[in-house]
Structure formats: structure tokens, C-alpha cells
Amino acid sequence: MKKISRKSFVSQLGLLGASIMVLDGCNLWQGSNTSNTTIFKNPPLKGESVFAFIERIEGSVDMDLYRQILGRANEFKEGDQAMGLAAGSNSEQQQARELILNSRVADIDQYVVFEDELHQLILSSTQEIKEIQNWTFRELKEYVLTQSEDDIKKIMPGLSSDVIACLVKVMSNAELISVGQKVFNPLPGSKIGSKGYMSARIQPNSPTDNIDDITWQVFDAWSFAVGDLLLGTNPVSSKVESVAKIEAALYDILLTFGLQDTMPNCVLSHIDIQAEVEQRHPETTGIWFQSLAGTVNANQTFDVSIEKMVNHVKGRTGRYGFYAETGQGADFTNGHGEGFDMVIHESRKYGFVRALKGVIREANSANNMPWVFVNDVAGFIGPEVFTKKEQLVRCCLEDTVMGKLHGLTIGLDICSTLHMEISLDDLDWCIDQIMPVNPAYLMALPTKNDPMLSYLTTAFNNHVKVREKFGYKVNDAMWDFFKKLEILDADGKPTPHFGDPIWVYFKYRQAKGDKRSQADIYKEGESKIAEIRKGGVPIAQGYGENTWDLNPELEKEVRRLYEDAKVSLWTEMNDKFAASVPLAIPILTQSKNRKDYVYHPESGEKLSEQALGTLRKMRQNWGGEIPDIQIVISDGLNARALMDEGHLKPFLEKLAQVLESQNYQLGKQNILITHGRVRAGYKCGEELFGKGKKDSKDKSIIHIIGERPGSGHHNFSVYLTTASGKMWGSAGLVDHNITRVVSGISDTALNPQIAVKEVVNILARMHSQV
């Protein structure tokens, strides 16, 4: 169970030049932008600022037009287009940028695109530096491009998040890289985030939170001399006991090797859960994590408030403080776009982190500043944010520079989902284009394919290649450790143990005092790896022609899973399956077809008129007997997750049996949605529980939905939402922030019958709390 949350210096000048040439030669504007009408019917005058233009056209400052101009200055992304903010042509984009370049820094802060308590916090933590207030953005841009890092850092505290966002909007990719190569914010007492260094967060995810899955991915990473920032896993379950168990396992590895003061561990559950784990098991949690958004309302989706975050971080007084994750598009896709564009949203997230970093600084002495870093998960959401490889590159460059100008140590999750137009090979291309900006770190997994989250990101071999190609280094303390581990020789070259995770396990067992022979420990290691792989979690052993090439057999498997995901994504629920679902009531969302559903996710969140009529009739047939629970089943992004043998049927049968044994009144029919997203379940709840006669008891929707494909497991998730009739009756009030989820369910991952137990336990807690 988890709360909804929702991952430069270049030694070879030729590589940098190639990157700039390729990227700056690209035009990211996509052609006719029918959802956004032109705002420049009367073209701007030479030298005219944003505000002078608006006053000339409208007679006063029109905030809607102001937001439109700022949005149109962005490189094209589908997310801005969905909000009606993207430029309709390349010329319109350039006109918007010229208006910003002619505007004063002070004016952007004076005219606020959206005001809330988070923006006020950002401004209160931004210093007043009068020198820069009357600069135009043209002058500010020239300053950061031509001045030294020391000079830039003198003005950085006086740059608000909105100003930093507007500055990034008017920079080319080459200019962003130029700034990224100058500004660095290393973590205290380390080289992480320094010029010429590239670190790694090991992301040892497991579809079942299996401890062996997780720990062996750590051994695997270190066998490639990768992993010096963080051992950070995304949990399937956010139960305190489960999170504590994983934290203890990761901390044990660090403690055994004497690395507890070199890098932290973290289980990326909600920060409330991490705090509870630390309270029960002191000193076992490392750095604390939380996903953050750019507005107060959007943060509520993560069950986060300013007060909560301040209270949590001000108690961080050890070596490891706070780790945040962000990403363009998370706000508007959760219904909190608030009328302004994704770049400003993202910048405000960094402003939030900067303010929290200030709170931590105040709670600690000057020579004992805990680590604070942020991870930009750039392509995790999908095509509703952007679709193409050039857009992923642009997003990563923008976000890296915005993070650096906020004074933050920022890393990247250079990633994409399987329903974007970015292939495995495209991701390699993106890495090469982004690396010159020198982010502090990247994610690191055995392969590009995350076995739990089902998305594409950076593998261990990508890190080895980046080090070779760009000359980047690993944090000095960990590089020394890899030599001590005998993965590297005295000159830093790979030894015969390079790429051998069992060797690392052998050294771990030795450090534990295990007296068994190397042969015995290797035999145990081979058995463990075989079991882990059987569960669908890859372990990289050896390499191809070069040390940075994936083992050829593993490469074939990664590509097989990629192709399976593409087939899964476009597979429709067939009539035979629909007929097999007991007592099914089939309905449709507003998606016209599968393509519309995949590329326009919002269409799958809204029910068709026919569906609403069907639900009204269903509610009428209930009469006064309103059930406690209604089951909803949706195809989601992988209909095969439901249609595969041994998946939905045993889960439904066991679920109905257990719920009825615990005296829940279950709806007699199952709603079966074609092209359904998670929010379509909320809409069912609004129609069934929020209209007509309302029962005084709390009512629940159990929404079973196919997960995004990619792991090969064909998993489904179960979203549980419980609310009063009054709450269900307020359209849009029920959302992800009150929903709990059990994920990774299939016959090869979390067994459906075992998942039922967890679902029912969570449901019982929800009914007792609401």
C-alpha cells in the first residue's frame, strides 16, 4: 500500500560541439497547434516588454494574456498545449521570447502568474538583491553566459523561481549547456555534484519488495563500479513494517562495508512513513524522501503541505537531510495546472526545495550541513507531457539549469514510458545530448527496464559508457572503495571481477565474518541469482565487446520485454474476455479509440454520456439498498494484465468471498470500462454514491486496472477509494490524495490471492479512519 504520489564539463570538445549542433538544429515546434489560438494578431513592437505589449493591446495588465505569453515562450510540449499555452508557430514562440528578453526582472516578480502560500514561501526565501531588479532578461541572460561561477552565485539567492523559469525559456540548448557547465553545488564533504563528476543512485526496485531482489541489485551495481550517491528503492508496499525491513537491509549493506558515512539508504515511501520507521527503528533510515509539486493544491495530491514538510525537515540534523523528486507535467496531469506553464511549475518545485534547504541550514551548524538533493524525473508520466526524444533532452537541460541556479544539487532520471515515441536506442542518444550539462547524478539499474515501475531509464552500463565517453568521475571515496573491493585495479581499470555481482556478495559475506570457502559462497550466489531472475528481476553479469556494453543475452531479453510492452500497450479487451467477467456492466470513456486513449489520457478519465446513463440506471435499480463497495474493472495501459490466465478471475473470486465474509455489502454487478484511467473510477463513484439518495455510511470504489507494461509480468493494480456520500457528491473532490493502491499483481509477481488480503486490510483501515 502506498500513498499516490504521482529520475557541463566535457573532456572532449568535439562531443560537446556535436551535441550543440544536433540539438540547436532541431525545431521542437510540432506544426499546427489548433488548441492554442495566436495571441499576436497585433505584433509586438521593437524593444517592447511583456507588460508594455499587454497594456498596449488590452489597456491594462491582463493576467490570462500574461500567462499565455510566458507559456508560448517555451519549447513545444504537449502538456503546455493541453493547457492552451503552447505556441502555435515558431514565429509566435520567438515573439514571446523577445517580449520576455525586453522585460525587467522586477516586473516578473511584481506580476505573479499564480499566488498561493507556496509562492509566498519561495519569495520569502529569495534574497533582495537590488542590483539585478532593473536588469532586463537580456542583460540577465548575458550575465550568466559570460560571468564566472563565483559571480553567478552572488546573484543566485536573489533570483526567484519565476525569474529563473523565464530565463531558461529564452535560452537555446547550447546556452543551457554553457550555464550548466559553470554552475555546481556539490554535496558537503563529497565530490558529488562537482564539475566533472557524475554519480549514481542505485534504484534496486522489486515487483514484490523481495529483499534478495533489492540487495543483489546493489551488489550488481557495485560490481560495475556504479552507485555512490544513494541506495534508493521504490517500494510496492508502504506499510511501516515492510519499509522498515527494506531500510534495515540496505543500511546493513552500508554498515557491513563501513560506508554509512559515505552514502545513505532510502526507501521512497511517503515521508510520514519514513518518519514512523525512524521512530520505531532509530538510525536505520538514511536520507528522507518526498515527491513535491509546484503549488499548494498540487502538493495535496501527495498528501503534503508546507507545514508538514517544514516540520519534517527541521529535525534533519545528521549527515543526510532531504531528497526530493519532481518532474514537469505532474501538476497539470493531477488536475492542478492553475493556468500557467510546466516550466514555471517545475521551477517553483525547486524553489520549494531551496526553502526547505534553508530550514535545514537554520537547524544545523555551519560546518554540519546535511545533504539535500533533488531528482528530476523528466519523462516518467507519458505522452500527455511530451512524446519525442528532442523534447526529453530539452526538458532535462531546462530542469538541470533551473535546479543549479536555485543552488541545488540536481540529478536526472533520463527516462521514458513505453507509450512515448522514444525507443531504447533513442534513450542512448538522449543521454549523449544531455551529459554535457553535467547533472550531479543519474539513476542506475541492471538494465534500462525497471522491473517494478515498467519504464525506461539508465542502466549500469550507461554509467560505464558515460565515464568513458565524457571523462566523468565517481565520488572519490566510493572510487577508493571500488578499488578496495578489487573491482578496479590501482589505476582505476576494470579487473577480472568487474561485472561479477557474486564477487561483491563474496566480499560482503567475508565482511560479515563468513568462513565458508569462495566456492561455497559462489554456489549460493548462483542459486540466488537464478531465483531472482525467475521472479522477473534482471541481474547483469559480465558484459559485451566493451565493458560498457550489456551482456548480449541480457540485451536480447531487454528488447524482448520492450516489444512485449508495445504489444501489450495496443492490445484491446476482446469480447470473449468481457463475456467471462461475472455480471459485467460494460461502459466506455470519452476516448474515441485506443490511440486517442494512449495519447490523450484525459479522455480516459471522463465517462461517455452512454456510460453515465448506464450508471444512473444501475443506481436506480439499487433502490434504497446502496452497497458499501462497488468494483470497477478497467483495461488501463495493459488489457493483457486482466486477460491473462490466473490474473483477474482468481482475484475477483477471492475478493468477493473475503469481503462478504466480513459483512461488506458488495455491488452485485461489476463495472467493466474500456479505455479507462484511474480517475474514471472516481467518476463512477460520483455517479453511484454522490447522487440521488445518499447513505450515511462511507462508500468505496475498488478499481482494478492494468498497469503500464514493460516488466513482462503483465501486472494489474487495485486502487481503493473510500469517502462519504457528501464527498462523492462534490465533483472532483475525490482524487488521488485519498486513494490507496496495491500494485504489481499477477501470477508471476504479487500473487492475486495474496493481494486480496492486503486489499481487504487496507480497506478496513480506510473505513475505520474516514
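This is a predicted model: local features need pLDDT of at least 70, side-chain atom pairs count only at pLDDT 80 or more; totals for chains, interfaces and linings use all residues.
Residues are numbered from 1 along each chain as its sequence is written, and side-chain values use heavy atoms, with hydrogens and water left out.

Q: What makes the chain as compact as a globular protein of that length?
A: Start with the parts: the secondary structure comes to 34 helices and 15 strands, where helices (H or I, at least four residues) and strands (E, at least two) are DSSP runs numbered from the N terminus. The radius of gyration is 26 Å, close to the 27 Å from the globule rule for 770 residues, so the chain is as compact as a globular protein of that length. That radius is taken over C-alpha atoms, and the rule is 2.2 Å times the number of residues to the power 0.38. As for the outline, the C-alpha atoms fill a box of roughly 80 × 70 × 45 Å along the principal axes.

Q: Why is Val 183 called buried?
A: Buried means under 20% relative accessible area, exposed means over 50%, and partly exposed is in between (1.4 Å probe, protein chains only). Val 183 has a relative accessible area of 0%, so Val 183 is buried. You'll find Val 183 in the loop between helix H12 (173–180) and strand S2 (199–202). Buried residues make up 63% of the 770 residues in the chain.

Q: What is Val 183 in contact with, leaving aside its neighbours within four places in sequence?
A: Contact means heavy atoms within 4.5 Å. On that basis, Val 183 touches Glu 149, Ile 152, Met 156 and Lys 404.

Q: Why does Asp 209 count as buried?
A: Its relative accessibility is 13%, so Asp 209 counts as buried. Asp 209 lies in the loop between S2 and H13. Beyond its neighbours within four places in sequence, its contacts include Ile 214, Asn 234 and Pro 235.

Q: How do you know that the buried residues of H23 line one face of the helix?
A: The buried residues of H23 (residues 476–484) are Met 478, Phe 481 and Phe 482. Seen down the axis, they fall within an arc of 100 degrees, so they line one face. The arc is that of the directions from the helix axis to the C-beta atoms. Helix H13 (211–223) is included in what covers them.

Q: What makes the buried residues of H7 line one face of the helix?
A: In H7 (residues 117–124), Leu 118, His 119 and Ile 122 are buried. Viewed down the axis of H7, they fall within an arc of 100 degrees, so they line one face of the helix. They pack against several helices, among them H11 (161–169) and H19 (342–362).

Q: Which is Ala 225, buried or exposed?
A: Ala 225 is at 0% relative accessibility, so Ala 225 counts as buried. Ala 225 sits in the loop between H13 and strand S3 (230–233), with a positive phi of about 55 degrees although it is not a glycine. Most residues other than glycine have a negative phi.

Q: Why does Asp 303 count as partly exposed?
A: Asp 303 comes in at 27% relative accessibility, so Asp 303 counts as partly exposed. Look for Asp 303 in the loop between H16 and H17. Asp 303 has a positive phi of about 55 degrees although it is not a glycine.
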